[in-house]
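Here is a short report on selected local features of one protein model.

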Amino acid sequence: ADKTEIYVKTADNKTLELYFTDQTTLTRNGEAVEFNVLQEGMKVEVEVEKVGQRLDPIAVRVLE
């Protein structure tokens, strides 16, 4: 499977590198959207799960 990754800057100015998994959901206004909707600079809310040393995004919500 292709790795689909995003970089998210947190409120405390850290950058997280997150790789989407088959279970990651991506939504905007409660509706599922395709990964290509994401653009640099968008505000997102991310729910992550720690798996070993990495964080896997469970849910990504586009806020704008």
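Phenylalanine 35 is partly exposed, because its relative accessibility is 31%. Buried means under 20% relative accessible area, exposed over 50%, and partly exposed in between (1.4 Å probe, protein chains only). Phenylalanine 20 counts as buried at 12%.

The model is predicted: local features need pLDDT of at least 70, side-chain atom pairs count only at pLDDT 80 or more, and totals for chains, interfaces and linings use all residues. Residues are numbered from 1 along each chain as its sequence is written, and side-chain values use heavy atoms, with hydrogens and water left out.

**Aromatic pair.** Rings of Phe, Tyr and Trp (its six-membered ring) pair if their centres lie within 6.5 Å; planes under 30 degrees apart are stacked, over 60 edge-to-face, and the rest tilted. The count is one aromatic pair. Its members are phenylalanine 20 and phenylalanine 35, with ring centres 5.0 Å apart and planes at 85°, so the pair is edge-to-face. Phenylalanine 20 sits in strand β2 (residues 15–20) and phenylalanine 35 in the loop between β4 (31–32) and β5 (44–51), so the pair ties together parts 15 residues apart in sequence. Strands (E, at least two residues) are DSSP runs, numbered from the N terminus.

**Aspartate 56.** This residue lies in strand β6 (residues 54–62). Aspartate 56 is buried, with a relative accessible area of 9%. Its side chain makes a polar contact of 2.8 Å with that of arginine 54. Such a contact is a pair of N or O atoms within 3.5 Å; within protein, one must be able to donate a hydrogen and the other to accept it, and residues adjacent in sequence count only if both atoms are side-chain atoms. Leaving aside residues up to four places away in sequence, aspartate 56 touches Tyr19, Thr21, Glu47, Val48, Glu49 and Val51 (contact: heavy atoms within 4.5 Å).

Most residues other than glycine have a negative phi.

| Residue | Phi | Place | Relative accessibility |

Conventions. Helix = DSSP H or I, 4+ residues; strand = E, 2+ residues; numbered from the N terminus.
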